[in-house]
Amino acid sequence: MQKPANGKGYGKRPLWQWIVIYVVGGVTNAAITVGTCERYDPATDTWTALAALPTARVHVAGTSAGGKVYVTGGTTGSYSTSTGTTTVEAFSPSTAAWAA
């Protein structure tokens, strides 16, 4: 890795090595929403299946705060019968469980 412009930083690592990415919800080829939850670790290039999202949905919004991953909104059902939802659920990586 190159040295930062300010001349400091030997031994530092790129930030992405401390980040994991959560992929939550989605839709199947049959247009049915799912509650799949997976974590990608770019440092090891591995995917890990986690506990499913209790409310299967697609088109969600998500964020993280206080050590949890929050998923809100989206639509449930199939594309032909989709319904909007305002449900908010939180995933705790330390317990590997979802809570409303």
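At 22% relative accessibility, Y22 counts as partly exposed, a class that lies between buried (under 20% relative accessible area) and exposed (over 50%), with a 1.4 Å probe and protein chains only. The model is a predicted one, in which local features need pLDDT of at least 70 and side-chain atom pairs count only at pLDDT 80 or more, while totals for chains, interfaces and linings use all residues. Residues are numbered from 1 along each chain as its sequence is written, and side-chain values use heavy atoms, with hydrogens and water left out.

The ring of Y22 has its centre 6.0 Å from that of F91, and because the planes stand at 55 degrees the pair is tilted. Rings of Phe, Tyr and Trp (its six-membered ring) pair if their centres lie within 6.5 Å, and planes under 30 degrees apart count as stacked, over 60 as edge-to-face and the rest as tilted. Since Y22 belongs to strand 1 and F91 to strand 8 (residues 88-92), this pair ties together parts that are 69 residues apart in sequence. Strands here are DSSP runs (E, at least two residues), as helices are (H or I, at least four), and they are numbered from the N terminus.

F91 is buried, with a relative accessible area of 1%. F91 also forms an aromatic pair with W98, again tilted, at 5.2 Å centre to centre and 55 degrees between the planes; W98, like F91, is buried.

An open sheet is formed by 4 strands in the order 4-5-8-9, with antiparallel pairing, where two strands pair if DSSP finds at least two bridges between them. Its edge strands, each pairing on one side only, are strand 4 and strand 9 (97-99), and the twist averages 25 degrees from one strand to the next.

Strand 8 pairs with strand 5 in the antiparallel sense over 4 bridges; within this pairing V69 stands opposite F91 and T72 stands opposite V88. Strand 8 is joined to strand 9, also antiparallel, by 3 bridges, and here F91 stands opposite W98, its partner in a tilted ring pair. The two strands form a hairpin with 4 residues between them, and A96 in the turn has a positive phi of about 55 degrees. Strand 8 is mostly covered, with 4 of its 5 residues buried.

## The largest pocket

The largest pocket has a volume of about 230 Å³. Of the 14 residues that line this pocket, the closest to its centre are Y22, G62, T63, S64 and V69, and the elements that give two or more residues to the lining are strand 1 (21-27), strand 4 (61-65) and strand 5 (68-72). A pocket, on a 1 Å grid over the protein atoms alone, is an open set of points where a 1.4 Å probe fits, with protein on both sides within 12 Å along at least five of seven lines, and lining residues have an atom within 4 Å of a point. Grid points are joined across faces, edges and corners, and the volume is the space filled by probe spheres set on the points.

By class, the lining has 9 nonpolar, 4 polar and 1 charged residues; Ala, Val, Leu, Ile, Met, Phe, Trp, Tyr, Cys and Pro count as nonpolar, Asp, Glu, Lys and Arg as charged, and the others, Gly among them, as polar.

## The chain as a whole

The protein chain has 0 helices and 9 strands, and 22% of its 100 residues count as buried.

Methods
Axes fitted to C-alpha atoms, helices over the stretch in contact; angles between N-to-C directions.
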